Amino acid sequence: MAGRSVVVGVGHYLPERVVPNSEFEKTLDTTDEWIRTRSGIERRHFAADDESTSDLATKAAEAALADAGLAADDIDAIIVATSTADLTFPSAATMVQARLGMTKGFAFDVQAVCAGFVFALSNANALILSGQAKRVLVIGAETFSRIMDWTDRSTCVLFGDGAGALVLELQEGAGTSDDRGILATDLNSDGRYKDLLYVDGGVSTQSTGHLRMQGNQVFRHAVEKLTKTAETALGTAGLGSAEVDWIVPHQANIRIIQGTAKKMGLPMDKVVVTVQDHGNTSAASIPLALSVGKQRGQIKSGDLIVTEAIGGGLAWGAVVLRW
Ligand code: ACO
């Protein structure tokens with residue numbers, strides 16, 4: 001027998017405002033065609049002026065709890081993966097905790113940019129397997145619209161806002177790769193690549209700053225590092241690509257998603273793709289894709305899923321789980 005962190009609920013929230021590519025044609029030297037062909041993005045959601053990351057996160061959390069049939073006080077811990085928390089402190093997670101009416105347990109944020117949800121899932125799994133929590137709400141939530149430079153066509157057309165959440169619960173498994181739940185994780189970072197993707201401001205430099213990215217350089221790292229981390233995590237679980245039902249990748253660029261699937265030897269009909277509708281929602285993209293994938297009827301109980309992501313840091317990683 002072995003303890004496993006099993007997904008018992010999933011949900012998401014997208015802000016009401018949908019912005020099609022054509023809207024950028026009015027203010028920037030860009031076209032819908034360029035954005036679609038280079039990134040696969042067709043539209044994205046942007047939060048309202050009075051809507052914050054913890055608002056998005058709370059709505060996604062409520063949806064995941066409802067899906068699990070659980071109440072807030074059934075949860076022992078909340079982890080929010082975000083790089084765009086409402087305030088410098090306290091964490092977005094404690095704000096979600098209060099909004100859910102949860103009066104016990106603990107809550108904290110994880111910051112690994114676009115890889116944040118994979119890092120948060122891995123940490124939640126470690127909390128569960130070490131006996132520190134039985135049920136963990138893991139949320140990815142972002143308002144990247146707040147850190148865009150609206151005059152920089154090479155970045156501002158790529159990102160969107162949203163949130164997704166999972167409830168993980170300790171269950172007993174047989175200790176084999178047939179178990180439901182998280183089977184393996186692989187986390188990596190290399191801070192030497194900071195200049196490829198960063199925000200040129202922050203508390204300690206006394207400004208909010210804007211996202212800066214050398215997109216083509218990040219692209220060069222992405223397919224290779226994502227394939228390697230996915231294959232490493234699969235290997236740790238004693239599995240290979242042939243057994244994968246779904247890749248649920250970070251949704252940054254359709255060409256990165258296609259390149260990684262191809263390198264792993266998997267067809268695109270085994271990949272959950274939402275980038276056309278959401279853009280790059282950073283740490284929110286994987287839980288959003290898991291929730292939408294389940295709603296579409298793609299992801300079913302017992303399916304073997306590989307999630308993989310890369311982002312600022314660089315930080316990257318993968319989680320293998322059976323749904
Ligand atoms: N409209 C029209 N032209 C544009 C636009 C635009 N919106 N943006 C850039 N261009 C131009 C550039 O200026 C350049 O012109 P030039 O050749 O005259 O200099 C040309 O298009 C090509 O630019 P590249 O950057 O080389 O284009 P590329 O094919 O690499 O696509 C993109 C750019 C979409 C950004 C791609 O590189 C990418 O997706 N990179 C990875 C992004 C990513 O995965 N980030 C990680 C996660 S994000 C996170 O962690 C926060």
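Select Asn 216 together with the ligand: a backbone N or O atom of this residue lies 3.4 Å from an oxygen atom of the ligand, a polar contact in the sense of a pair of N or O atoms within 3.5 Å. The model you are viewing is predicted, so local features need pLDDT of at least 70 and side-chain atom pairs count only at pLDDT 80 or more, while totals for chains, interfaces and linings use all residues. Residues are numbered from 1 along each chain as its sequence is written, and side-chain values use heavy atoms, with hydrogens and water left out.

Next, select Asn 253, where a polar side-chain atom lies 2.6 Å from an oxygen atom of the ligand, and then Trp 34, whose side chain has an N or O atom 3.4 Å from a nitrogen atom of the ligand.

Now show the whole shell around the ligand, which by class has 14 nonpolar, 9 polar and 4 charged residues (Ala, Val, Leu, Ile, Met, Phe, Trp, Tyr, Cys and Pro count as nonpolar, Asp, Glu, Lys and Arg as charged, and the others, Gly among them, as polar). Colouring by domain shows that at least three shell residues come from each of domain 1 (2-173) and domain 2 (181-322), with bounds taken from an automatic or database domain assignment.

Finally, move to His 250, which is buried with a relative accessible area of 7%, where buried means under 20% (1.4 Å probe, protein chains only).

Definitions and conventions
Polar contact = N/O pair within 3.5 Å; in protein donor to acceptor, adjacent residues only side chain to side chain. Buried < 20%, exposed > 50% of the residue type's maximum accessible area, 1.4 Å probe, protein only.
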